[in-house]
Amino acid sequence: MKLLHTADWQIGMKAAQLGAAAAQARAARLETARRIAELARQERVDLAVLAGDTFENHAVALDDVGQIARILAGFPCPVVVLAGNHDPLVSGGVWDLPVWRGCPNVHIPRLEAPLELEACVVFPCPLRSRWGTGDPTGWIPAAQYEDRIRIGVAHGALEGSPNEEQTPYIAADAPVQRRLDYLALGHWHSTRVYRGPDGAERMAYSGTPEPTSFGEDDSGNVLLVEIDAPGAAPRVRRARVAGLRWMREEYEICQSGALAATLAKLEQLASPETVAELRLHGALYPEDLDTLEAIRQLAGRFLFLRIDDGLRPLLRLEDLSEGPLREAARRLHEMAKDGQQAAEARLALETLLSLAKGAGA
Ligand SMILES: [Mn+2]
């Protein structure tokens, strides 16, 4: 069988940090959903699973829910949509909307009960609250449907992961404990594939198919998983589907003219599909002011460019008050004019002036 595993579509995400570009970032999520449906058709998958957080919350616009329902109805196979911690099963929530009645291929499990499908048996672990307790895969019986391919679908952090106290923990060896051929996970936005003790890739986070923030190291993918028979090792392949690229660039400027290289790099990265955050540290040299302005002008060639300008303007010699520091700076200034040690003296002067600036001299 061939499975398409995705999660964390986060439809309705505000993306408020992108300002005027937020609407485009939201539209990109719907476009990516359509691309995933197209991929499912091309790859002739037998089953698709959305492992939670399809929606950012229950306040998502009805029109967005309607569009997602139509996209999922267009998949060429059954689609199992799991309630995650952003869109848990609550009375009057997004899963109670009448639009889902028009999607006969879309299964929204309400109970912890096996779902018998043609290609496999799915063991869904839906969430009922934002902050769960206990391992949501705990209910899965190890000895049922042993002659079928057994697929688990769950949402939450893996046991042993740091800084995650508010979501349920899933046992790190859940595929072994629950005897699953494959466990499709959602919640973490970067793609992660795990090998079990038999060396087979039996558990994975697909990650979000469309990046949601800076610093996600491998988002923008879905997983295609082929399993030949019960117990056989799954073959897991990632497919890139993201529409937008989110990147964080960081540069330390330590010598005059170095900012030009930053400008050149950003010119290469600039595109209407790129969301970028640029962090600059170090010294701002008077001769780099035009380059900095040119970097600011590049913003229009990105979908969004935020510049976190941490450059400290270099102090000029005459800004120093009279005293030994100014005297040292004056001598370095003389040495920097020519002679064997000019380059070293210039560097020393720049260092001295930036230190003096930092010390509030
Ligand atoms: Mn989540």
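## Leu117

Leu117 touches Leu47, Pro78 and Val122, leaving aside residues up to four places away in sequence. Touching, or contact, requires that the C-beta atoms of two residues, placed from the backbone, lie within 7 Å. This is a predicted model: local features need pLDDT of at least 70, side-chain atom pairs count only at pLDDT 80 or more, and totals for chains, interfaces and linings use all residues. Residues are numbered from 1 along each chain as its sequence is written.

Leu117 sits in the loop between β5 (115–116) and β6 (121–124). Strands here are DSSP runs of E, at least two residues; helices are runs of H or I, at least four; both are numbered from the N terminus. Pro78 is 39 residues from Leu117 in sequence, yet their C-alpha atoms are 8.1 Å apart. Leu117 is partly exposed, with 18 other C-beta atoms within 10 Å. The cut-offs: buried means 20 or more other C-beta atoms within 10 Å of a residue's own, exposed means 12 or fewer, and partly exposed lies in between, with C-beta atoms placed from the backbone.

## Val121

Val121 belongs to strand β6. Val121 has 19 other C-beta atoms within 10 Å, so Val121 counts as partly exposed.

Beyond residues up to four places away in sequence, Val121 touches Pro114, Leu115, Glu116, Tyr145, Arg148 and Arg150. Gly152 is 31 residues from Val121 along the chain; their C-alpha atoms are separated by 8.6 Å.

## Helices α4 and α5

The axes of α4 (residues 259–269) and α5 (residues 289–297) come within 9 Å and cross at roughly 15 degrees. Axes are lines fitted to C-alpha atoms, for helices over the stretch in contact; angles run from 0 to 180 degrees between N-to-C directions. The two helices are therefore roughly parallel to each other, a label for angles under 35 degrees.

From α4, the contact uses Leu259, Ala260, Thr262, Leu263 and Leu266; from α5, Thr291, Leu292, Ala294 and Ile295. These residues divide into 7 nonpolar, 2 polar and no charged. Ala, Val, Leu, Ile, Met, Phe, Trp, Tyr, Cys and Pro count as nonpolar; Asp, Glu, Lys and Arg as charged; the others, Gly among them, as polar.

## Overall form

The protein has 7 helices and 17 strands. Its radius of gyration is 27 Å, well over the 21 Å that the globule rule gives for 361 residues, so the protein is more spread out than a compact globule. The radius is taken over C-alpha atoms, and the rule is 2.2 Å times the number of residues to the power 0.38.

Along the principal axes, the C-alpha atoms fill a box of roughly 85 × 45 × 35 Å. Of the 361 residues, 37% count as buried.

Technical notes:
Parallel < 35°, antiparallel > 145°, perpendicular 65-115°, else oblique.
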